[in-house]
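User: I am new to this structure and would like to learn how to read it. Please take me through it feature by feature.

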Amino acid sequence: MDHETPLIICNVRLPHLQESLASVIWRVICQNGRVLQVSTELSKETSKFGTWQEIDAKGGLLLPSLCHPHVHLDKCFILEQCGSLITGDFNEAMGLTAKTKKGFALNKDDLYARGERLVRESMGCGVTAIRAHVEVDSIVGLTCLEAGLTLKETFREQCDIQIAVFLQERLFADPNDHTPGPNLEYILQALAMDGVGAIGSAPYVEATPTQAKMNMEAIYNLAIRHGLSLDFHLDYNLDPEAEPLIHHLVTLMRLSDHSQHRPHVTVGHATRLQLFTPTEWSKLAASIRDLPLTLVGLPQSDVYMQGRVTKDTPLGAPRGTLRVPDLARDHGLQLAMGINNIENPFTPQGSVDPLSSCSFGAAIFQTATVQDLRTLITSVTLTARQALGGYLPIPSSLVPASGDPADFVILHPTHPFTSSVTLQSAALNPSSYYERTTIRAGRVVALRRAHHWVLGDNTSYALTPNVVSKGDSHQHSL
C-alpha cells in the first residue's frame, strides 16, 4: 500500500480525558501520511476512495506511536559478552563496556544484528521514531556509525531513525590539556558523512569540571557549524558537592552565536537535578522555558545506577531519576522518558517497550492519578518526539486531529475478559496489551500478535483484529 491509499481505522477508542468521549467508538481516516478525518459516524462515503485499507481495532486504544528519544543502538544486548557483574556500579559498567567495545569492529555482523533486533522489537511495541546514539572514538572508529547508518537505510520505510554521533569517551586526553585529543578527529570524520542528524557527548567523563565545560562548548559549536541537533548526557550523579552543569549549558545557549544555526538541545539523565529545592527548580524552569531544550529522564537506567553510596542507610538508595509528573504538575515542564540501554552493564534489566517506563514510573513517582498517567504517556510519545529536535512533526495532542501525522500504535484487547482498553490501563499494565498494530505515515509497518491457551480450557483464543485492503475489485488479508 502506498501513502496515497487511505487507511481507515474503525471500532477504535481514543485517549480523551473526558470519560464521555473516551468510551465512544471512533473512526480515523488517514491519507498521504496525515490524519484526514476523525469521526464517530460509520460513514458510507468510503466508495469515493476506490481502494482503501481498513483496520477493525475491535475496541482497541489508539495512541500516538511511541518514540525512543535516547537509546544506544550499538551497546544493546551486550550483557552476556561482558561477563558476570561483580559490583554493578558505574566504574564497572564503564570498564566492561569499554572492554566489550573493542570487539565491535571485529564482529560487525553481531553489531548489526543486535541493532536490528532493537529496531524490530521496538517497532513491534509501537515505536516508529528513534534517536539512536552510536559511539565514535579511537576505540571503535566509525564502525558503530556505519552500522547505524545501514540500519537507518534498511528501515527507512518502517521507522524514522535519527543517528546521533556520540562521544562516550573523553574529548581531552590528559587532565592538563586545553585542546581536544585524537577523539576529535573521529568526530569530524563522522560529521562529514551523510545521514547524521545529531551530535552528543558525556561531559561528565572528563577529568575535571573545567574540561567538562570545554567539552560542552566544543560539541555545541560543532552542532552549530554542521546544522545538527545536540544531545548531552549531563549531570549524571547525585553528588551535592558537584556543580550542576545545566546552568553552564543555559548560559552557553544564550551567549552563543546562532547566526548559522540554533540547535535544539536534549539533556539526558540530569539526575543531579533531583537534589534541587523547589525554589531552584522554579528558577531553572524559568531560565529554560523559552529555550529549545528538552530534558529526558531514563528511569530504568538511572534508578539502577544511581545512589549506591547510600544503600546501607535506613531508607537505602534514593529514587535517582527526574520526577516526570511532579515537574509537569509543579513547574510546567514537559519531560520525555527513554530506555537508554537494553541488557548491558548500565541497564541490565527492563524492556524495550517505552510503555514499561510508564508502569515503572507509576511506582517510583508514587502516582496513578489520571492526569499524571497522561503525563507519563505523553513523555514516551509527544515529548519524546520533541526531544528529537524537529526531526519529525509532532501531533497536537494524544487525541488525533485532522492534519496530524498518521503515526500510531493500536493496543488491542488480548483476551475476551477485557472489556476495554483505556489510557490508564495502558500506562499501568501495558503487558496486558501485547497485541499491537504499529502505523507509520498511514501505513501498517508492524504487527505483534499473541495466542492464548490454558490447560483445561476447551478452546484457545486469539482476538486478532481484522486488517484488510478493500476496493472495487479485490480484498485480501494483510
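User: Which residue lies over the face of Y434?

Analyst: First, the ground rules. This is a predicted model: local features need pLDDT of at least 70, side-chain atom pairs count only at pLDDT 80 or more, and totals for chains, interfaces and linings use all residues. Residues are numbered from 1 along each chain as its sequence is written, and side-chain values use heavy atoms, with hydrogens and water left out. Now the idea: a charge sits over a ring if NZ of Lys or CZ of Arg is within 6 Å of the ring centre and within 35 degrees of the ring normal. Here R448 sits over the face of Y434, 4.0 Å from the ring centre. R117 does likewise over F77, at 3.7 Å from the ring centre.

User: How many aromatic pairs does the structure hold?

Analyst: Rings of Phe, Tyr and Trp (its six-membered ring) pair if their centres lie within 6.5 Å; planes under 30 degrees apart are stacked, over 60 edge-to-face, and the rest tilted. The structure holds five such pairs. Take F90 and Y204: their ring centres are 5.9 Å apart and their planes meet at 65°, so this pair is edge-to-face.

User: Where do F90 and Y204 lie in the chain?

Analyst: Helices (H or I, at least four residues) and strands (E, at least two) are DSSP runs, numbered from the N terminus. F90 belongs to helix α2 (residues 90–101), and Y204 to the loop between β9 (196–201) and α6 (209–226), so the pair ties together parts 114 residues apart in sequence. F90 also forms an edge-to-face pair with F346, at 5.9 Å centre to centre and 65° between the planes. F90, Y204, Y236 and F346 form one aromatic cluster.

User: Is F346 buried or exposed?

Analyst: Buried means under 20% relative accessible area, exposed over 50%, and partly exposed in between (1.4 Å probe, protein chains only). F346 is buried, at 4%. F90 is partly exposed at 24%, and Y204 is partly exposed at 23%.

User: How many residues of α11 are buried?

Analyst: Seven of its 10, so α11 is largely enclosed by the rest of the structure. Among the buried ones are L355, C358 and I364. Q366 follows α11 and has a positive phi, near 55°.

User: What is the volume of the largest pocket?

Analyst: Rolling a probe the size of a water molecule over the atoms shows where empty space is left. On a 1 Å grid over the protein atoms alone, a cavity is a set of points where a 1.4 Å probe fits but cannot get out; a pocket is an open set with protein on both sides within 12 Å along at least five of seven lines; lining residues have an atom within 4 Å of a point. Points are joined across faces, edges and corners, and a volume is the space filled by probe spheres set on them. The largest pocket has about 400 Å³. Its lining has 17 residues, with N237, L238, Q306, G307 and V309 nearest the centre.

User: Which residues line the second largest pocket?

Analyst: Y204, Y236 and N237 are among them. This pocket holds about 260 Å³.

User: How many cavities of 30 Å³ or more are there?

Analyst: Five. The largest cavity has about 60 Å³ of space. Its lining includes Y204, Y236 and F346.
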